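This report looks at one helix and then at the protein around it. Have the sequence and the structure at hand while reading.

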Amino acid sequence: MDHEKDPGWQFLRQSQAQLLAATTKKFDSKKNVWIPDNEEGFVAAEIKSTKGDQVTVVTAKGVEKVLKKDETQQMNPPKFEKTEDMANLTFLNDASVLHNLKQRYFSMMIYTYSGLFCVVINPYKRLPIYTESVCKMFIGRRRNEMPPHLFAVSDEAYRNMVNGE
């Protein structure tokens with residue numbers, strides 16, 4: 001695709017290599033969870049054992065903790081890493097939404113959808129995603145054909161206005 005050669009493309013969508021790397025991560029839907037953390041909001045953890053309503057978990061940093069099962073939040077499979085539309089998440093919880101936004105921000109992919117809404121995180125720097133070439137990528141394209149972007153939202157709004165919808 002010609003889009004992928006544009007300097008702004010890396011800030012819009014993950015490459016095939018990045019997608020593949022995310023899907024090969026070790027994951028067990030019964031063991032991998034999010035737990036609350038005072039510094040980071042939530043951190044990844046793996047359930048080591050369960051006793052009644054208590055779970056013993058080991059965080060990604062190797063710290064063992066015991067907490068109530070209700071305090072854990074389910075984690076999405078790695079195929080949802082940096083997903084473009086959070087409405088597609090299997091588990092739409094605080095931890096998963098914050099993780100997705102954080103990971104996309106760290107990759108400077110500042111646009112994300114959440115169903116009908118476009119979520120934008122200010123990168124506090126200029127990105128090459130507001131050029132004429134990037135704008136032209138979105139003209140006449142369906143939302144699911146292109147990555148999240150303000151241009152996609154505005155082009156769809158314009159087309160709906162012209163078509164009287």
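## The buried face of α4

In helix α4 of this predicted model, the buried residues are Phe-151, Ala-152 and Asp-155. Seen down the helix axis, the buried residues of α4 fall within an arc of 100°, so they line one face of the helix. An α-helix has 3.6 residues a turn, so residues three or four places apart point the same way.

The cover over the buried residues of α4 includes strand β6 (111–114) and helix α3 (132–138).

## Length and end of α4

Helix α4 runs over residues 150–162. Its 13 residues reach 18 Å from the first C-alpha to the last, close to the 18 Å expected at 1.5 Å a residue. After α4 comes Gly-164, which has a positive phi, near 70°.

## A nonpolar patch

Together with Tyr-158 and Val-162, Met-161 makes a nonpolar surface patch of about 360 Å².

## The whole protein

The protein has four helices and seven strands. Along the sequence they follow the pattern α-β-β-β-β-β-α-β-β-α-α. The C-alpha atoms fill a box of roughly 60 × 35 × 30 Å along the principal axes.

Of the 165 residues in the protein, 35% are buried. The accessible surface comes to about 10600 Å², and carbon and sulfur atoms account for 54% of that surface. Among contacts with a separation of 6 or more, 44% are between residues 24 or more positions apart.

How values were computed:
Residues are numbered from 1 along each chain as its sequence is written. This is a predicted model: local features need pLDDT of at least 70, side-chain atom pairs count only at pLDDT 80 or more; totals for chains, interfaces and linings use all residues. Side-chain values use heavy atoms; hydrogens and water are left out. Patches are made of residues with over 30% relative accessible area and no salt bridge: like charges are joined within 9 Å, nonpolar side chains (Val, Leu, Ile, Met, Phe, Trp, Tyr) within 5 Å. Accessible areas come from the Shrake-Rupley method with a 1.4 Å probe; for residues, only the protein chains shown count as cover. A salt bridge is a side-chain nitrogen of Lys or Arg within 4 Å of a carboxyl oxygen of Asp or Glu. Helices (H or I, at least four residues) and strands (E, at least two) are DSSP runs, numbered from the N terminus. The expected span of a helix is 1.5 Å times one less than its number of residues. Buried means under 20% relative accessible area, exposed over 50%, partly exposed in between (1.4 Å probe, protein chains only). The arc is that of the directions from the helix axis to the C-beta atoms. Contact means heavy atoms within 4.5 Å.
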